[in-house]
Amino acid sequence: DSRIAARVRRIKPSPSSAAADRANELRRQGRDIVNLVVGEPDFDTPAHIRQAACAAIERGETRYTMSAGTPALRQAICDKLLRENGLAYKPNEVVVTCGAKHAIFNALSATLEPGDEVIIPAPYWVSYPDMVLACDGTPVVVACDEDDGFRLTAAVLQAAITPRTRWLLLNSPTNPTGAAYSAADLRALADVLLRHPQVLLMTDDIYEHIRFDGEALPHIVAIAPQLRERSVVINGVSKTYAMTGWRIGYAAGPADLIGAMETLQSQSTSNACTISQAAALAALQGDHSFLKGFVAVYRERRDRALAMINDIPGLSCRTPGGAFYLFVNCSGLIGRTTPAGQRLDTDVDVILYLLDAEGVAMIPGSSYGVAPYFRMSIATAVETIEEGCKRIGRAVAALA
Ligand code: PLP
């Protein structure tokens, strides 16, 4: 007998928060920790965005806005979606939320009936399955092969669809693998979805601008406009503009779905922070030239980390096309023995060994639905990344 609801007992705290807490706790105890857990840009929010927030406060923009967000911001989001993604939406088809995470949660909450299935390609962002569970849905995790670049293929999608499938959740570039879907990949997935009209499509585009190769990514809804009436596009300002703490995300989609999300929001959080909305407006409308600099720094770190990791016997990592993580295959370490005589049976063992032996904090692949891997964040100074890789190499060399 619990006084906590079953839907909450089904879920667990985010493993990334747990790993970050563990690293911080060890640091407080005086351990020398290299933290490669964090999933947020280490840059400051650009100055023109910070100034827009200060100006909003001074103008007295400190009251409630419409639950779905200010008309100006919703219009700016429509402009952005047209300009960058080739998608036409009207302001009543857009809702501003407290981060992209909140947009995903509200979309699921507004649509899932008990037993409805949500297809989640793995490796997945840690929050997806738990959000589905919290909304009484059933996560259907489908493994994506490393040999397929960790991308969902049409055949795997087709095999996962049942009459109970309500959503496909698609994230590109992907956290944690950095996999980015090409136009051909998306066309093939769209063709499967077009044969199954009961399936809604949610695209999580939060990393769209953190891309290392080629031009902007095509959007699946622009490739297959017939999907528009059953798609919800999720995005936000956290990663692109180094604005994780401001908590602004958004969803765009058909008016009935967006309206339901708005109703839910009007009876829960109300509007996202008014001041943050003013900042997000400045972000979307302002100069984007800083982005080139951010991405160049991420790319330099990616290249450095990739070279060092792939130099360590027993570890291997594909080149991520976007986002700011390496997803490292550590199958070569499984079955090896630590200097203390412990056998490494799982990627959790590997992670705990690296933390214990060398103070390097990361997240095991099993938290993302596949093993044995670990995720290493590169959203930190290149010196920190180099130190982390050096320590990982030392710890691996000490294994029998
Ligand atoms: N989607 C993915 C794939 C993420 O990795 C994250 C953050 O880690 C989010 C969404 C959440 O973004 P926000 O800060 O806008 O809630």
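Domain bounds here come from an automatic or database domain assignment. The coordinates are those of a predicted model, in which local features need pLDDT of at least 70 and side-chain atom pairs count only at pLDDT 80 or more, while totals for chains, interfaces and linings use all residues. Residues are numbered from 1 along each chain as its sequence is written.

The assignment gives domain 1 (6-44 + 290-397) and domain 2 (47-285). Their C-alpha centres lie 26 Å apart. Where the two meet, 33 residues of domain 1 are in contact with 31 residues of domain 2; contact is taken as C-beta atoms, placed from the backbone, within 7 Å. On the side of domain 1 that touches domain 2, at least two residues each are supplied by helix 1 (6-9), helix 2 (15-28), helix 12 (290-310) and strand 10 (325-329). Helices (H or I, at least four residues) and strands (E, at least two) are DSSP runs, numbered from the N terminus. Helix 12 gives the most to this side, with 5 residues. By class, this side of domain 1 has 15 nonpolar, 9 polar and 9 charged residues. In this division Ala, Val, Leu, Ile, Met, Phe, Trp, Tyr, Cys and Pro count as nonpolar, Asp, Glu, Lys and Arg as charged, and the others, Gly among them, as polar.

Isoleucine 378 sits in the loop between strand 13 (373-377) and helix 14 (382-397). This residue is buried, because 28 other C-beta atoms lie within 10 Å; the cut-offs are 20 or more other C-beta atoms within 10 Å for buried, 12 or fewer for exposed, and partly exposed in between, with C-beta atoms placed from the backbone. Neighbours within four places in sequence aside, isoleucine 378 has contacts that include Tyr298, Arg301, Phe324, Tyr325 and Ile385. Isoleucine 378 and tyrosine 325 are 53 residues apart in sequence, yet 5.4 Å apart in space, C-alpha to C-alpha.

Seven strands form an open sheet with mixed pairing, in the order 2-8-7-6-5-3-4, where two strands pair if DSSP finds at least two bridges between them. Strand 2 (94-97) and strand 4 (138-143) stand at the edges with a single partner strand each, so one side of each has no neighbour in the sheet.

Within the sheet, strand 5 (residues 165-171) pairs with strand 3 (residues 117-122) in the parallel sense over 3 bridges. Here glutamate 117 stands opposite threonine 165, and valine 118 opposite tryptophan 167. Strand 5 is also joined to strand 6 (residues 200-204) by 5 bridges, again running parallel; leucine 169 has methionine 202 in strand 6 as its bridge partner. Strand 5 is mostly covered, with 7 of its 7 residues buried.

Helix 6 (residues 127-134) has Tyr128, Pro129, Met131, Val132 and Leu133 as its buried residues. These pack against helix 5 (100-111), strand 3, strand 4 and strand 5. Just after helix 6, aspartate 136 takes a positive phi of about 70 degrees.

Which residues come nearest to the ligand? Of the 13 residues around the ligand, these are Gly99, Ala100, Lys101, Gly236 and Ser238; a residue is near a molecule if its C-beta atom, placed from the backbone, lies within 6 Å of it. The shell around the ligand has 3 nonpolar, 8 polar and 2 charged residues.
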